[in-house]
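User: I have a structure open and want to go through it piece by piece. Can we keep it short?

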Amino acid sequence: MLVNLNKILPRAYKMGYAVGAFNTSNLETTQAIIGAAEKLNSPVIIAVSEKAIQYAGIEALSQIIITLAQKISIPVAVHLDHGKTYELCRQCIKNGFTSVMIDASHLPFKENVRLTRQVIIYAHKHNVSVEAEIGRLAGIEDNIEVKTGDALYTDPDEARKFAMATGCDALAIAIGTSHGAYKFKGKPKLRIDILKQIAGQIKNPLVLHGASGVKAIWISRINRCGGDLEQAKGVPDDLIIQAVRNGISKINTDTDLRIAFTAGLREFLHENPTVFDPRKISGHAREMIQQVVADRIKIFGSADQG
Ligand SMILES: [Zn+2]
């Protein structure tokens, strides 16, 4: 069932769980996300980045997601991740997305508010929800690179003013996570104190980006079959659970799915040197992604909330 974030996040906040937003750029990943959500009876958000749109084409990709989402009874939002322009948001809405993110967090406060408002006015006319961002994350996501030194924690006062000025349906904040597979040099740490202050002041559902777990077991599975992903480090499950307890309602996961896909491909090809059927090869990678999505859903607490 296709819905926007307003049908998913306020309930999650009230009941004390978070809903996963999982990135896709192809059929198999989409099937894996929807398969895991359906199996666990969990609401889910399918996220698409600008790079994914460039890779697959907006019509083909949105049709795959929408077709699969409409077949199941659990709530599914189709969401643009880190939209940089009004035009891209508009294009996604025209193609049936139920939710968009406008990320103008690199702009000065006033301009962030202005662009976010512009997107909200258009989106709300079409019953589409809007996520915005205040404060920046370090690391690399598709098309967006922030140097660690430029990363800022979200200022709680600024977040409150921003939420009031824009009326966004969800707000991404920076509390110490970063995009990509190499999140922490030392011990992983999130600024739960800042999260508490923000959650205490505003009602808009809060979003955690850059939250992949990057589990050591998956990294060694990749490296055992010819990969070379040393020192990757993600957000441990206990920090995710703390973040959910303190007011995070939407958690983005991209890197973990990429890692599961890569592990699946490498292992399958290594163990089956005579197979050359793409369906068998991709099918195995799809299973690995589904496992990871299911694990994440359980950590977020959204199982049986569909
Ligand atoms: Zn992000």
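User: Where is N252 found?
Analyst: This is a predicted model. In it, N252 is in strand β11, which covers residues 248–253.

User: Is N252 buried or exposed?
Analyst: Buried, because N252 has 26 C-beta neighbours inside 10 Å and the cut-off for buried is 20 or more. As for the strand around it, six of the six residues of β11 are buried.

User: What does N252 touch?
Analyst: Leaving out residues up to four places away in sequence, N252 touches A21, A47, V207, L208, H209 and A211.

User: A211 is on that list. Where does A211 lie?
Analyst: In the loop between β10 (206–208) and α9 (216–224).

User: Why does A211 count as buried?
Analyst: A211 counts as buried because it has 30 C-beta neighbours inside 10 Å.

User: And which residues does A211 touch?
Analyst: With residues up to four places away in sequence not counted, A211 touches T177, V235, I240, I251, N252 and T253.

User: Switching to annotations. Where does UniProt place the feature "binding site"?
Analyst: The unreviewed UniProt entry puts it at G180, G210, A211, S212, N252, T253, D254 and T255. These positions are spread over 76 residues of sequence but cluster in space, with a largest C-alpha distance of 11.6 Å.

User: Back to the strands. What does β11 pair with?
Analyst: One partner is β1, in the parallel sense, over four bridges. Within that pairing, G20 has I251 in β11 as its bridge partner. Another is β10, which runs parallel to β11 and is joined to it by three bridges. There, V207 stands opposite K250 in β11.

User: What do the strands form overall?
Analyst: A closed barrel of eight strands, in the order β1-β2-β3-β4-β5-β8-β10-β11, with parallel pairing. On average, neighbouring strands of this sheet are turned by 25° against each other, direction ignored.

User: Which helix packs on β2 and β3?
Analyst: Helix α4, residues 58–70, packs on the sheet and touches β2 (44–48) and β3. The direction of α4 makes about 150° with that of β3.

User: How many bridges join β3 to β4?
Analyst: Three, between β3 (residues 76–83) and β4 (residues 99–102), and the two strands run parallel. L80 has V100 in β4 as its bridge partner.

User: Last one. Which helix lies across β1 and β11?
Analyst: Helix α12, residues 278–300, running at about 155° to β1 (19–23).

Key: Residues numbered from 1 in each chain as written. Predicted model: local features only at pLDDT ≥ 70, side-chain atom pairs only at ≥ 80, totals over all residues. UniProt positions renumbered as here; feature names shortened; annotations may be inferred. Buried ≥ 20, exposed ≤ 12 C-beta atoms within 10 Å, placed from the backbone. Contact = placed C-beta atoms within 7 Å. Pairing = 2+ DSSP bridges. Axes fitted to C-alpha atoms, helices over the stretch in contact; angles between N-to-C directions.
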